[in-house]
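Please keep the sequence and the model at hand while going through the sections below.

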Amino acid sequence: MIYLLTGPIGTGKTTQLTKWVAQQQQVAGILSPVIEGKRHLQDITSGASQLLEATATTQQPVQVGRYTFDETVFTWARACLQEALKKSPRYLIIDEIGKLELRQEGLEPAVTEVLQAYQQQASFDLILVIRDTLLEKSIAHYTLTAFRWGFPPA
């Protein structure tokens, strides 16, 4: 099953998801926590995280709205998602689908690869975090037809 978590910016979607992940087994994917006021991407399997926000030394900045991100961190996160597929998790999480993914950047093409793997095997539950303002566009973009809202049942 595909589960959609949605809501406005800064309403605790990732915080709730992090707490949920801590109580589960066989979970893989990417979280996007804010650590010390800065957006990171975190590999659920290893626990490793990288600063997503660009710094003065960022070699490959990516601009979206008022934010500038580090493309090399997206490259790392895409590889984490591809590795997650190989591990046959019970739950695979993508936090989050945003403007970059809708324009084929950010976590793309890994998001599409995960969705294709889900459609071919459906051997895992997929949890997608999507900002409320992009929900309709994301559902249409990824042709999501069968999904539930919220977290999988305990």
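## Basis of the description

Helices and strands are DSSP runs numbered from the N terminus, a helix having at least four residues and a strand at least two. The model is a predicted one.

## Backbone details

Most residues other than glycine have a negative phi, and most peptide bonds are trans. Glu 36, which sits in the loop between strand S3 (34-35) and S4, has a positive phi of about 50° although it is not a glycine. With a relative accessibility of 79%, above the 50% cut-off, Glu 36 counts as exposed. Thr 143 also has a positive phi, near 50°; its place is in the loop between H5 and strand S10 (148-149), and its relative accessible area of 55% makes it exposed.

Where are the cis peptide bonds described here? One joins Asp 95 and Glu 96, with omega about 10°, and Glu 96 belongs to strand S8. Another runs from Glu 108 to Pro 109, with omega near 10°, and Pro 109 is found in the loop between H3 and H4.

## The largest pocket

The largest pocket holds about 690 Å³ of space, and its lining is made up of 29 residues, among which Ser 32, Arg 39, Phe 69, Glu 96 and Arg 131 lie nearest the centre.

Helix H1 (13-22), strand S4 (38-43), strand S7 (67-70), strand S8 (91-97) and helix H3 (99-102) each contribute at least two residues to the lining. By residue type, the lining comprises 11 nonpolar, 9 polar and 9 charged residues.

## Nonpolar cores

The largest nonpolar core has 34 residues, of which Ile 94, Leu 126 and Leu 128 touch the most other members. Elements that each supply at least two residues of this core include strand S1 (2-7), strand S2 (27-31), helix H4 (110-121) and strand S9 (125-131), while H2 gives the most, with 6 residues. Leaving aside neighbours within four places in sequence, Leu 126 is in contact with Met 1, Ile 2, Tyr 3, Leu 92, Val 114, Leu 115 and Tyr 118.

## Aromatic pairs

A pair of aromatic rings is described by the distance of the centres and the angle of the planes. The whole structure contains 6 aromatic pairs. In one of them, Trp 20 and Tyr 91, the ring centres are 4.9 Å apart and the planes stand at 75°, so the pair is edge-to-face. Because Trp 20 lies in helix H1 and Tyr 91 in strand S8, this pair ties together parts that are 71 residues apart in sequence. Both Trp 20 and Tyr 91 are buried, and together with Phe 151 they form one aromatic cluster.

The rings of Tyr 118 and Phe 124 have centres 5.7 Å apart and planes at 65°, so they too make an edge-to-face pair. Tyr 118 counts as buried at 14% relative accessibility, and Phe 124 counts as buried at 3%.

## Around Leu 102

Leu 102 belongs to helix H3. Beyond its neighbours within four places in sequence, Leu 102 is in contact with Leu 134, Lys 137, Ser 138, His 141 and Tyr 142. Leu 102 and Trp 20 are 82 residues apart in sequence, and their C-alpha atoms are 27 Å apart in space.

Key:
Residues are numbered from 1 along each chain as its sequence is written. This is a predicted model: local features need pLDDT of at least 70, side-chain atom pairs count only at pLDDT 80 or more; totals for chains, interfaces and linings use all residues. Side-chain values use heavy atoms; hydrogens and water are left out. On a 1 Å grid over the protein atoms alone, a cavity is a set of points where a 1.4 Å probe fits but cannot get out, and a pocket is an open set with protein on both sides within 12 Å along at least five of seven lines; lining residues have an atom within 4 Å of a point. Grid points are joined across faces, edges and corners, and a volume is the space filled by probe spheres set on the points. Ala, Val, Leu, Ile, Met, Phe, Trp, Tyr, Cys and Pro count as nonpolar, Asp, Glu, Lys and Arg as charged, and the others, Gly among them, as polar. A nonpolar core is a set of buried Ala, Val, Leu, Ile, Met, Phe, Trp, Tyr and Cys residues joined through side-chain atoms within 4.5 Å. Buried means under 20% relative accessible area, exposed over 50%, partly exposed in between (1.4 Å probe, protein chains only). Contact means heavy atoms within 4.5 Å. Rings of Phe, Tyr and Trp (its six-membered ring) pair if their centres lie within 6.5 Å; planes under 30 degrees apart count as stacked, over 60 as edge-to-face and the rest as tilted.
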